[in-house]
Amino acid sequence: MTLGSYGQFCPVAMAAEMLCTRWTMVLVREMVAGSTRFNDLRRGVPRMSPSLLSQRLKELEAAGVVIRTPAADEPAVQEYRLTEAGRDLQTVVEAFGIWGQKWIETQATLKNLDPSLLMWDMRRNLDPSPMPARRIVVNFRYPELVEARRNWWLVVDPEAEVDICSTDPGFDVDLWVTTDLRTMTAIWMGLNSVSDVSDKIQLDGDPAIARTMQTWLGLSPFAAQSKLVH
């Protein structure tokens, strides 16, 4: 899979040849999280070029980590799913993430901010159970960003998956969340709670939904790991 080889029989070296090419582990992380279609994978790795994504998927398929099959509901659409070998990487991805959360200092963690990736991950981990059993729309606003990336809508529908929109979906908004991207990222990463940064976040709308935000937000799967480097 790689341009070069470590030339070692050590299993660590052989696994690194397969998995340590640029973007590969991040792509595997997105697949472990549940994304299977090319466009969804792109949303989980937004800074990865489509051509490189396609190349890495082919390499993982050739290595027996990924299998490509037609989607059950749309046979013309291809889905990429982890094989048994690929699913076995879940513990590796979790160990990588826990180590990073634990030992990478906070400033470095919050250096590379990306609203599309943040909102994509928030959508995936949101817990609708504290919300009313009806369609709920939450508008996140990041005033410091350019207009095209400033507003994001999470649409929570009891009858469907949580959806994310970068353009107004046209529904009534139940809660407006106005803050800066760094603050929201720190909350999602578990570095701060909503109450910790109440002076940096403005909540307007349904008071019950605002009050339970910390619960329904659904944090990073690594948020429970405390940082040991600040």
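This is a predicted model: local features need pLDDT of at least 70, side-chain atom pairs count only at pLDDT 80 or more; totals for chains, interfaces and linings use all residues.
## How residues are classed

In the second largest pocket, the lining has four nonpolar, three polar and six charged residues. The space in this second largest pocket is about 320 Å³, and of the 13 residues that line it, those closest to its centre are Asp-40, Trp-120, Arg-123, Glu-161 and Val-162.

## The largest pocket

Rolling a probe the size of a water molecule over the atoms shows where empty space is left. In the largest pocket of this model, that space comes to about 1500 Å³. The pocket is lined by 37 residues, of which Val-26, Arg-29, Leu-117, Met-189 and Phe-222 are the closest to its centre. The elements that give two or more residues to the lining of the largest pocket are α2 (24-32), α6 (90-103), α7 (106-109), α8 (115-125) and α9 (181-188).

Among the contributors to the lining of the largest pocket, α6 gives the most, with eight residues. Sorted by class, the lining of the largest pocket has 19 nonpolar, 10 polar and eight charged residues.

## Packing of α2 against α4

Two packed helices are described by the angle between their axes and the distance between the axes. For α2 and helix α4 (residues 50-62), the packing angle is about 80° and the axes are 11 Å apart. Angles of 65 to 115 degrees count as roughly perpendicular, and α2 and α4 are therefore roughly perpendicular to each other.

On the α2 side, Thr-24, Leu-27, Val-28 and Met-31 take part in the contact, and they meet Leu-53, Arg-56, Leu-57 and Leu-60 in α4. By class, this contact of α2 with α4 has six nonpolar, one polar and one charged residues.

Most residues other than glycine have a negative phi, and most peptide bonds are trans. Trp-23, which lies in the loop between α1 (11-19) and α2, has a positive phi of about 80° although it is not a glycine.

Methods. Residues are numbered from 1 along each chain as its sequence is written. Side-chain values use heavy atoms; hydrogens and water are left out. On a 1 Å grid over the protein atoms alone, a cavity is a set of points where a 1.4 Å probe fits but cannot get out, and a pocket is an open set with protein on both sides within 12 Å along at least five of seven lines; lining residues have an atom within 4 Å of a point. Grid points are joined across faces, edges and corners, and a volume is the space filled by probe spheres set on the points. Helices (H or I, at least four residues) and strands (E, at least two) are DSSP runs, numbered from the N terminus. Ala, Val, Leu, Ile, Met, Phe, Trp, Tyr, Cys and Pro count as nonpolar, Asp, Glu, Lys and Arg as charged, and the others, Gly among them, as polar. Axes are lines fitted to C-alpha atoms, for helices over the stretch in contact, and angles run from 0 to 180 degrees between N-to-C directions. Angles under 35 degrees count as roughly parallel, over 145 as roughly antiparallel, 65 to 115 as roughly perpendicular and the rest as oblique. Contact means heavy atoms within 4.5 Å.
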